[in-house]
Each structure stands twice: as C-alpha cells, then as structure tokens.
Amino acid sequence: MKTKLQSLLAVAALALIPAAHAADGHVHVKKVAGPNGGLVITAVEPHCELLVTPERKLKITFLGDDGKPAALKEQSLTGTGGDRSKPTKFTFTRVGESLVSAQVLPAGDSIPLILQIKTSPDAKPVSKRIALNLGHCPGCNLAEYACTCDAHQH
Ligand SMILES: [Zn+2]
C-alpha cells in the first residue's frame, strides 16, 4: 500500500512539472521604437506604429515582420481622444502607405486616446487605449508615449 501511494505521489509530482515550466516560460520583449520613432502597437497583427506628426495629427503605419513600414492593405481605424466631456473624434484617410487623421489632437501634452483598429473590413475592431504623453524623454530621446527606456516611471 505504501509503495502504491508513493508511486501515485511521484506521478502527481511529475504532472506538476509542466505547469511550473509554463509559468516560467514568460518572455520579456524589450520595447522597440517604431521605424519613425513612434509607439509600436502590438494589439493587432500585423503591428502598427502610432506617430504624432508635427501638425499634431495621428499617423498610423502598419509594419512588416521585420518591423519596417509595410504597404497599407485593408486596415482602417477610428479614434477618440481628449477630455471625456468633449472628446475629439478622429477619422483617418490614406496618405501614401499610412493612415493619417483628418483632425488634430486637442491642446495639452497628456491626452487619453482610444483607437479602434480594424485589420480588414469584416474584422472585429480591436480597441487600444493609450495615454498619449507628448513630452520628450531625455533617456531615449523619443516622445514619452513612444519611450523605450526599461525603467521608466510615470
Ligand atoms: Zn525614454
């Protein structure tokens, strides 16, 4: 009886190993800036880069597997940003291989933003919330919203 119990415990212990292993298999990916120095959004495949243009418009560029700008396909998006009581609605039109907002960002350096990205006309939109901080990070020399510093505290 004792032997049988021991072998049962041994089997139970073995069964626990894969679970422990999976928990340990977490992969840390270093933050990488987009090809234009913008924020890479990984909530959609392919990934896309969000960049605020000098005119304060939003510019979205979809990226290839190599992280470089790719040709725009059937992707589309809308956005909402700024003060919740008086939000700015963003609509995007194609400019070259990117989608650029018709509207400019509301005033301020810290703008909450929600993007609704569709990877194809029939796809369910993917929501992405971004705290768009337009300040400049001296650590990586990028805008704060695209900051790639490892230990950045905000
Ligand atoms: Zn930084």
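Q: How many helices and strands?
A: One helix and eight strands. The pattern along the sequence is α-β-β-β-β-β-β-β-β.

Q: What is the strand order in the sheet?
A: The eight strands form an open sheet, ordered β1-β2-β3-β6-β5-β4-β7-β8. The pairing is antiparallel.

Q: Which strands sit at the edges?
A: β1 (39-41) and β8 (126-133). Each pairs on one side only.

Q: And how much are neighbouring strands turned against each other?
A: By 25° on average, ignoring direction.

Q: Confidence next. What is the mean pLDDT?
A: The mean is 86 for the chain, and 79% of residues reach 70 or more.

Q: Where does pLDDT fall below 50?
A: Over residues 16-24. Beyond near neighbours in sequence, that stretch has zero contacts in the model. Where pLDDT is low, the predicted coordinates should not be read in detail.

Q: OK, the core. Which residues touch the most other members?
A: Leu50, Ile60 and Leu77, in the largest nonpolar core, which has 22 residues. β2 (48-52), β3 (57-62), β5 (88-95) and β7 (110-118) each give two or more residues to this core. In soluble globular proteins, nonpolar side chains tend to be buried together.

Q: What does Ile60 touch?
A: Leaving out residues up to four places away in sequence, Ile60 touches Cys48, Leu50, Leu77, Phe92, Ser98 and Leu99. One of these, Leu99, is also the bridge partner of Ile60 in β6.

Q: How many bridges hold β3 to β6?
A: Four, with β3 and β6 (residues 98-104) antiparallel.

Q: And what about β2 with β3?
A: Five bridges, antiparallel. Leu51 has Lys59 in β3 as its bridge partner.

Q: Let's take β4. Which side chains point to which face?
A: Leu77, Gly79 and Gly81 point to one face and are buried.

Q: How does β4 pair with β7?
A: Antiparallel, over six bridges. Gly81 stands opposite Leu113 in β7.

Q: And with β5?
A: Antiparallel again, with four bridges joining β4 to β5. Thr78 has Thr91 in β5 as its bridge partner. The two strands form a hairpin with six residues between them. In that turn, Gly82 has a positive phi of about 90°.

Q: How many residues are there between β5 and β6 in their hairpin?
A: Two. Gly96 in the turn has a positive phi of about 65°. β5 and β6 pair over four bridges in the antiparallel sense, and Phe92 has Ser101 as its bridge partner in β6.

Q: Which residues have a positive phi without being glycine?
A: Arg56 is one, at about 65°. Asn141 is another, also at about 65°. Most residues other than glycine have a negative phi, and most peptide bonds are trans.

Q: Where is Arg56 found?
A: In the loop between β2 and β3. Arg56 is partly exposed, with 14 other C-beta atoms within 10 Å.

Q: Last one, Gly64. Where is its place?
A: In the loop between β3 and β4.

Q: Why does Gly64 count as exposed?
A: Because Gly64 has 12 other C-beta atoms within 10 Å, and the cut-off for exposed is 12 or fewer.

Q: What is Gly64 in contact with?
A: Pro46 and Ala70, leaving aside neighbours within four places in sequence. So that Pro46, from the cis bond with Glu45, meets Gly64 here; the cut-off for contact is C-beta atoms within 7 Å.

Q: How far is Gly64 from Cys48?
A: 8.7 Å, C-alpha to C-alpha, and 16 residues in sequence.

Definitions and conventions
Residues are numbered from 1 along each chain as its sequence is written. This is a predicted model: local features need pLDDT of at least 70, side-chain atom pairs count only at pLDDT 80 or more; totals for chains, interfaces and linings use all residues. A nonpolar core is a set of buried Ala, Val, Leu, Ile, Met, Phe, Trp, Tyr and Cys residues joined through C-beta atoms within 7 Å. A residue is buried if 20 or more other C-beta atoms lie within 10 Å of its own, exposed if 12 or fewer, and partly exposed in between; C-beta atoms are placed from the backbone. Two residues are in contact if their C-beta atoms, placed from the backbone, lie within 7 Å. Two strands pair if DSSP finds at least two bridges between them. Axes are lines fitted to C-alpha atoms, for helices over the stretch in contact, and angles run from 0 to 180 degrees between N-to-C directions. pLDDT is the predictor's confidence in each residue, from 0 to 100.
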